[in-house]
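My entries follow in the order I made them.

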Amino acid sequence: MTRLDHHSLRPSATSAPLRFIWSHAAVGTFLALLLSRIVHLAIAILRPPNSRPGSGCDDHADRPGGCRSVYVISGFTNGNIVALVGSKGVLLVDGQSGRRVGLADSALRTVTKLPVQLVVNTHYHADHIEGNPHWRAQGARIFAQRLLVGEAKKDTVITEWEEWHREAADPAALPDSVFDDSLALPFEGHVTALHADSAHTSGDAVIWFRDANVIHTGDIVELGAPPFLDWWGGGTLDGMIRGVDLVLAHADDKTRIVPGHGWVTNRGEVATYRKMLVTMRERTLAAIGAGQSVEQYLATQPTREFDQAFGGSRYGERFARLLYVGLSRRSP
Ligand SMILES: [Zn+2]
Ligand SMILES: [Zn+2]
């Protein structure tokens, strides 16, 4: 078992849909070719906020003088990266896995040659921080919430959850700077990292691009598969719901919301996702309170109406089991 194993909650790559928003046909064609070469990574333009028809900004995002653009680099099972291209450099949300970071870099280089100056991590899981040394070697400074450091250093085997081995992170993957409640990142424009306490993990960060009206949620929101709750890394279901509320509080109807995994979405879909979390909390606590065993609970098909969105009933069942395990631990 490896630190990446929680993504075995996700359906196979072929069944997890991704939606890409192309800025124009030529870019779409080129990136479709790129996709076929780099398998599960793609880069899509989220929003070029300063572009106007004829301005050339969306063709030359890295030209001197600056035309800031926001991109998402997506894979089916790897964490989504958001890239903000400024006038002199790039800010990234999340560093990608060690295995995929080179592909992410290749995808980024199709839109800018500017150096990555800043990486902010959303949480400690390997597919979000393993790539940090790659970016630091290019001159990037790594930021994260303070609690990420403690979680990333742990080397434990979770007997309660399939002997999941949480290996300690490479010390080179740890951040250079940490923050507590929130941090205005030292980059162009208003980009703020907000601590979502005890959500997917203890040290989650939601990244809010105020100017671009884009939010990266980290793994507080996952689409196309059930989310993972890392009870052993300080995560809680109540905290995850509060984390979703934090996202919703910073979003309007036009906000582009990038989940930790899955497709770019909007406020409405995230509100629906919140309802799912609340429903599952009620059902699981009711089953525990009634003295049902986990097998009795699963026999009630508690995720029935969500299974399609999760990619199938076996993923729903695994999610329900995860909630039962975690909520049982915390119930008297
Ligand atoms: Zn993840
Ligand atoms: Zn995660």
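**Core**

I started with the largest nonpolar core, which has 82 residues. Among its members, A83, V120, V206, I207 and V247 touch the most others. I took a nonpolar core as a set of buried Ala, Val, Leu, Ile, Met, Phe, Trp, Tyr and Cys residues joined through C-beta atoms within 7 Å. Buried means that 20 or more other C-beta atoms lie within 10 Å of the residue's own; 12 or fewer is exposed, anything in between is partly exposed, and C-beta atoms are placed from the backbone. Helix α10 (residues 313-330) gives this core its largest share, seven residues.

**Ground rules**

This is a predicted model: local features need pLDDT of at least 70, side-chain atom pairs count only at pLDDT 80 or more, and totals for chains, interfaces and linings use all residues. Residues are numbered from 1 along each chain as its sequence is written, while chains are lettered from A and ligands numbered from 1 in the order in which they are written.

**Whole chain**

I noted ten helices and 14 strands in the protein chain. These are DSSP runs numbered from the N terminus: helices are H or I with at least four residues, strands are E with at least two. The chain has 332 residues, and 48% of them count as buried. A contact here means C-beta atoms, placed from the backbone, within 7 Å.

What does I207 touch? Leaving out residues up to four places away in sequence, I listed V93, V120, T122, V191, A193, I215 and H216.

V247 sits in helix α6. It counts as buried because it has 26 C-beta neighbours inside 10 Å. Beyond four places in sequence, V247 is in contact with V206, I215, T217, I220, V221, I257 and V270. I also checked V247 against R267: they are 20 residues apart in sequence, and their C-alpha atoms are 8.5 Å apart.

**α6 against α7**

The axes of α6 (residues 237-249) and α7 (residues 267-289) come within 10 Å and cross at roughly 160°. α6 is therefore roughly antiparallel to α7. For the angle classes, under 35 degrees is roughly parallel, over 145 roughly antiparallel, 65 to 115 roughly perpendicular and the rest oblique. Axes are lines fitted to C-alpha atoms, for helices over the stretch in contact, and angles run from 0 to 180 degrees between N-to-C directions.

The α6 and α7 crossing is left-handed. That means the near helix is turned anticlockwise from the far one by less than a right angle; clockwise would be right-handed.

Which residues make the contact? From α6 I listed L237, M240, I241, V244, V247 and L248. From α7 I listed R267, V270, A271, Y273, R274, L277, V278 and R281. By class, the α6 contact with α7 has eleven nonpolar, no polar and three charged residues. Nonpolar covers Ala, Val, Leu, Ile, Met, Phe, Trp, Tyr, Cys and Pro; charged covers Asp, Glu, Lys and Arg; the others, Gly among them, are polar.

**Positive phi**

D94 is not a glycine, yet its phi is positive, about 80°. I found D94 in the loop between β4 (90-93) and α2 (101-108). With 31 C-beta neighbours inside 10 Å, D94 counts as buried.

E163 is another non-glycine with positive phi, near 55°. Its loop runs between β7 (156-158) and β8 (164-166). Is E163 buried or exposed? It counts as exposed, because it has 10 C-beta neighbours inside 10 Å.

E130 is in the loop between α3 (126-129) and α4 (132-136). I counted E130 as buried, with 23 other C-beta atoms within 10 Å. Beyond four places in sequence, E130 is in contact with G95, S97, G98 and A173.

H195 lies in strand β11 (residues 191-197). H195 is buried, with 22 other C-beta atoms within 10 Å. Leaving out residues up to four places away, H195 touches Q145, D180, D181, S182 and A205. H195 and G243 are 48 residues apart in sequence and 8.6 Å apart, C-alpha to C-alpha.

How values were computed. Two residues are in contact if their C-beta atoms, placed from the backbone, lie within 7 Å.
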